[in-house]
Amino acid sequence: MSSKKNRKHHNNNNKNYIDKKIQPEKTVVEDAVEEESEESATEVKGPFKKLKVKISALYEARNYKWIFACFILAVVEDVILEILGRRSFVGAVKFIVHSPLIFFINILIIFGSLLLGLLFRKRLFFVFIFGFLWFVMGFINFILLGYRITPFSAIDFLMAMDVISMMDIYFSKFQQILIFVGIGVAVFFVIMLYIWTPKIIGKVNRLVNFLVAVGVFMLIYVLTTTATRLGIISDDFSNLGNAYRDYGFAYCFSNSIIDIGISKPDNYSEEEVDGLVERVDSDYQIYLRNRGRKQTPNIIIIQLESFMDISRMQGIHTDIDSVPNFNKFMEEYPSGFLTVPSIGAGTANVECEVITGMRTSMFGAGEYPYKTVLTDTPCESLAQILGRQGYTSFAMHNNKAYFYSRHEVYNELGFDYFVSQEYMPHLSYTSAGWAKDYDLVDEIKKCLDHTETDDDFIHCISVQGHGKYPEDAVNTVEHVHVTRDDGDTVLENQYGYYVNMCYEMDEMIGMLKDMLDERGEDYVLFIYGDHLPSIPFEMSDIVVGNELQSEYVIVNNIGLDLPDRDMATYEFSDYLLTALNMDKGIYQKIHSSFYNPYDDTAYNDALHLIQYDMLYGEQYIYDSIEEYKPKNMMMGIYPVVLKDVVLSNNQIIVHGNNFTPFSTVVVNGERLVTTYMNENTIIVAREEFDELKTGDVVAVYQIDMEKHVLSTSINELIYDAGY
């Protein structure tokens, strides 16, 4: 009996040993279940515990199943992104059916990003967060396309502060509250998900998952390279809207992240730059020998926001001509179509091409050079070129100075003065909140009066025609009655408002011409619209020209006998300087030497080489031309001057010159809420300050609506109570 008991005991020990030996490590799901059991025993249950247990069970799936799940998720998400990006289910289906390879590339891009989540122990959280970020980007694109034609791209992150400053124009207070509440809820949800999603226990398979991700990205590279070579995909993102429509959201948005600046030309070297300069200088010498008398009139450029003759669009009717002055000028002066680089947005890129002669399509996908390289890199421009020929240059914009970083860019482009909204004392506003253009006539006159000669260059960007266009009513003085064939009330209201803004802008250019004629000085006035409006329309609705063409006219009193000609925005500077027989810069020389309407390869290569060299390269160009440098640009054309400070009726009253509604009284460095009375008087109400005593230092700052200090008064005053 004893031996039997011993054998039985021995067998039991062996069984326990074997059970322990073959027992696997506790899985995360077992850990969670045990926690649940222990808490159940003590009747303590934490929040989301059951959900956590179910989530934990997902970790029991084999690694290949996670990879497969990521692929399926990528397919579903890409379909959603295309529906959002096209604002149409049918449009998304057509894209998938007609462009299966491109659709597959978009799936792979999302798939590759999701695979990166498998490298973390909290794999469920990171897979979710990468997928969630794609959805957020797609949803933002969906929202933006309701207000503009240009899709969402990486450059919009740099425009974030500008966008926030315009929220009152595009969203009601209730909508703004909903946006911020939605952001708060999303952040809270993400934080809670991070806390409650468990970590994987044991092997993570990082190497395998990393290699799979690398393989996916290599496949993306091979497919995109092959598709580009075969012409299925183009690397030309000059029209971002068309690119997103043709190549999908994931591909185009990813491109906008990694494609920044100007790529280095394959043949970039000092010898190539020198050779190019030698080639264009040879042609330029011929130009100098044959050119006629050099003319130096006042040159005024007016870029009108979203301006167009609505008769170019079918299905929309007006009871009178909506832009009578512009149409009259086009009959009397040189005019034509101007091909611009964007639709419904991209004002800064249009003006950049006009005043520099560069092609913005050579920068990254959707990039605004005004928000990147041109904020701190001097560049050739009409202001630089004309400045070397004795001109005084003025930049003007009846919107805030910080928009598109113009307060920095214009200095790098060589302007002497920048007159922004904050330096205009008398502005009226549209019902949408934008400054009206009427007041630009007086501001331009001030610039012309500021100098004793007629060698002035004024580059003016208007804003009145900017969206958002109201949907509920025309909501403005109805100079022009607008109807639509389709009877769509919302679109009829939007177009009604827009057309009436164009009518008022047209009145402004009529007033401007009258003012210039009365002055009697020689002038050339270049007027054009920057792009078509950001109101929904079909490309087929444009029956005169196309969606990338604006119209221009060169009004002048010096008898410029130029043939009507269609041109691109980057060609204008050469066209103008040639017409006036003026000295040219390197970009204008390239346009003259290389332009070929039948084969633009050499033309584009030359522009590419010099744009890269001047802005990103070794600047070999400055061995051949005088280096361009930033100007010590002045904000406003007249400085703010203080004359006296008095305390009267418990108010601080400041007298001086050149005050505007953006002038702010500053006492001992403290900004006080200030009321604008007129150009010579501003006051601070009693409730806005504690006291004003002898010895206090008083100054005036020009401060924009976002509290940026743009400039300060040229003098300070020491308050004397006994004065």
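Four strands, in the order S12-S13-S17-S16, make up an open sheet with antiparallel pairing; here two strands count as paired if DSSP finds at least two bridges between them, and strands are DSSP runs (E, at least two residues) numbered from the N terminus. The edges are taken by strand S12 (641-648) and strand S16 (675-678), each of which has a single partner strand, so one side of each is left without a neighbour in the sheet. On average, neighbouring strands of this sheet are turned by 25 degrees against each other, direction ignored, with axes being lines fitted to C-alpha atoms and angles running from 0 to 180 degrees between N-to-C directions. The model is a predicted one, in which local features need pLDDT of at least 70 and side-chain atom pairs count only at pLDDT 80 or more, while totals for chains, interfaces and linings use all residues. Residues are numbered from 1 along each chain as its sequence is written, and side-chain values use heavy atoms, with hydrogens and water left out.

Within the sheet, four bridges link strand S13 (residues 651-657) to strand S17 (residues 681-684) in the antiparallel sense. Ile652 has Val684 of S17 as its bridge partner. In a regular strand, side chains alternate between the two faces of the sheet.

A further antiparallel pair is formed by strand S18 (residues 697-703) and strand S19 (residues 709-712), joined by three bridges. Gln702 stands opposite Ser711 in S19. These two strands form a hairpin with five residues between them, and Lys707 in the turn has a positive phi of about 75 degrees.

Turning to the cysteines, a search of the whole structure finds zero disulfides, a disulfide being a pair of cysteine sulfur atoms within 2.5 Å. For Cys352, the closest cysteine sulfur belongs to Cys379 and lies 6.8 Å away, too far for a bond. Cys352 is buried, at 0% relative accessibility (buried means under 20% relative accessible area, exposed over 50%, partly exposed in between, with a 1.4 Å probe and protein chains only). For Cys460, the closest cysteine sulfur is that of Cys447, at 8.6 Å, again too far for a bond. Cys460 is also buried, with a relative accessible area of 0%.

Ile195 lies in helix H11 (residues 173-196), helices being DSSP runs (H or I) of at least four residues. Ile195 is partly exposed, with a relative accessible area of 47%.
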